[in-house]
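The sequence and the structure are shown below.

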Amino acid sequence: MTGKSPTITLNNGVPMPALGLGVYQSSPQETAGAVEAALREGYRLVDTAAVYGNEKEVGEGLARSGVDRGEVFVTTKLWLDDYGYDAALRAFDTSMANLGLDHLDLYLLHWPAPASFEQTVDSYRAAEQLLADGRVRAIGVCNHTAEHLRRLVDRTGVVPAVNQVELHPYFTQRELREAGAGLGVVTQSWSPLGGVNTYWEGGRSADKNPLDHPAVHAVAARHGRTPAQVVLRWHLDHGLATIPKSVRPHRIAENFDVFGFSLSAEEVASIDAIDSGVRGGPDPDAVDLDTWT
């Protein structure tokens, strides 16, 4: 083990590890081993989703690790084709059966679906019911802009605990982070190392890899760390939660070995300056129920 992740207290008092393992694009064949390796390394948060097709393997990895269930924070997400109150409740049951769990730590709506927002609201109300019933410890959303967050809170009166969004040095989302903080929403970064800039077919920006940027390399050399460790430390020093993905044990260990150093304000600012204001992944305003169903 290389350390222990600090926790961030959510707006309902639930502590959430700041650093966890993401399994987006992890094949089912690789997921269980990755989860097992991560938990044995010291990770205590695993993030999956119904649409990833690997919930069963996340549950298998958790069981194989030998780590007590009460020590692990597990997140999964509701996919667009299950939006709606009753459909969301059924989908939750399916996810829980896949995971082999009797309760979940965090349940997220995967997209805001602004053109079908009534169904988003209905889905969120289903998540509220799951929270009230004690089946989940916290609820939240993904990929919501500040306007989407305001619309949801205005309609439901329940502030999401977490908003999981694309966030990396080339797309820092400062205004969204500030809006979330003002509401009491924790921002959690997906694609924290900027991989979306190379793998997303709709907007490939292979030249925008934070791990290749001179500013990141300069900080890494100064601390004797890898570029990936520096970028993950940048997220943590901004008070963000983050979920780097890997299926390779040595990379899983490297990504978790970020608690023995911190960046100066000047170093954080040098990485902030990389921001292009351009997302690498989908535009949340363009994703709706008929996009990927």
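Two strands are taken to pair if DSSP finds at least two bridges between them. The model discussed here is predicted.

## Strand E9 and its neighbours

By this criterion, strand E8 (residues 162–166) pairs with E9: five bridges join the two strands, which run parallel.

## Burial of E9

Strand E9 spans residues 186–190, and five of its five residues are buried. Both faces of the strand are covered. On one side lie Val186, Gln188 and Trp190, and on the other Thr187 and Ser189, all of them buried.

## Packing of H8 and H11

Two packed helices are described by the angle between their axes and the distance between the axes. For helix H8 (residues 214–223) and helix H11 (residues 265–272), the angle is about 155 degrees and the axes are 9 Å apart. Because angles over 145 degrees count as roughly antiparallel, H8 and H11 are therefore roughly antiparallel to each other.

The crossing of H8 past H11 is left-handed. H8 contributes Ala215, Val216, Val219, Arg222 and His223 to the contact, while H11 contributes Glu267, Ser270 and Ile271.

How values were computed
Residues numbered from 1 in each chain as written. Predicted model: local features only at pLDDT ≥ 70, side-chain atom pairs only at ≥ 80, totals over all residues. Heavy atoms only, no water. Buried < 20%, exposed > 50% of the residue type's maximum accessible area, 1.4 Å probe, protein only. Helix = DSSP H or I, 4+ residues; strand = E, 2+ residues; numbered from the N terminus. Axes fitted to C-alpha atoms, helices over the stretch in contact; angles between N-to-C directions. Parallel < 35°, antiparallel > 145°, perpendicular 65-115°, else oblique. Left-handed = near helix turned anticlockwise from the far one by under 90°. Contact = heavy atoms within 4.5 Å.
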